[in-house]
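Hi,

Here is the structure I promised to pass on. Have a look, and my notes follow below.

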Amino acid sequence: MPKRILQGRVTSDKNEQTVTVLVERRFKHPLLHKTVRSSKKYRAHDAQNQFKVGDLVRIVECAPISKTKRWTVLTDEAATA
């Protein structure tokens, strides 16, 4: 089964090797037929501490790294390979 890849914006980089990414999705409400924005925060592994607050990043599912980290940030090199 392919791993999910999500795109979002870094909201926090205060932890060592960890960034918090806010992922926003849009969908049509089933009853009201209005576009609704829903967001969720994910904690992702950033091995080199290279991403800062405000950066647009892509994250990919991975095996559990810690209690809350189940995602890894895709670097530019990994995305092109």
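The side chain of Lys-69 has a polar atom 3.2 Å from the backbone oxygen of Gln-17. Keep in mind that this is a predicted model. Lys-69 sits in the loop between β4 and β5, and it is buried without a salt bridge. Its nearest side chain of opposite charge is Asp-46, 9.2 Å away. As for what surrounds Lys-69, it touches Gln-17, Thr-18, Arg-43, Ala-44, His-45, Ala-63 and Pro-64, leaving aside residues up to four places away in sequence.

So where is the salt bridge? The structure holds 1, and it joins the side chains of Arg-4 and Glu-61, at 3.2 Å from N to O. Arg-4 lies in the segment before β1 and Glu-61 in strand β4, so the pair ties together parts 57 residues apart in sequence. Both ends are partly exposed: Arg-4 has a relative accessible area of 45%, and Glu-61 has 27%.

In soluble globular proteins, nonpolar side chains tend to be buried together.

Cheers

Note on methods
Residues are numbered from 1 along each chain as its sequence is written. This is a predicted model: local features need pLDDT of at least 70, side-chain atom pairs count only at pLDDT 80 or more; totals for chains, interfaces and linings use all residues. Side-chain values use heavy atoms; hydrogens and water are left out. A salt bridge is a side-chain nitrogen of Lys or Arg within 4 Å of a carboxyl oxygen of Asp or Glu. Helices (H or I, at least four residues) and strands (E, at least two) are DSSP runs, numbered from the N terminus. Buried means under 20% relative accessible area, exposed over 50%, partly exposed in between (1.4 Å probe, protein chains only). Lys and Arg count as positive and Asp and Glu as negative; His and the chain ends are not counted. A polar contact is a pair of N or O atoms within 3.5 Å; within protein, one must be able to donate a hydrogen and the other to accept it, and residues adjacent in sequence count only if both atoms are side-chain atoms. Contact means heavy atoms within 4.5 Å.
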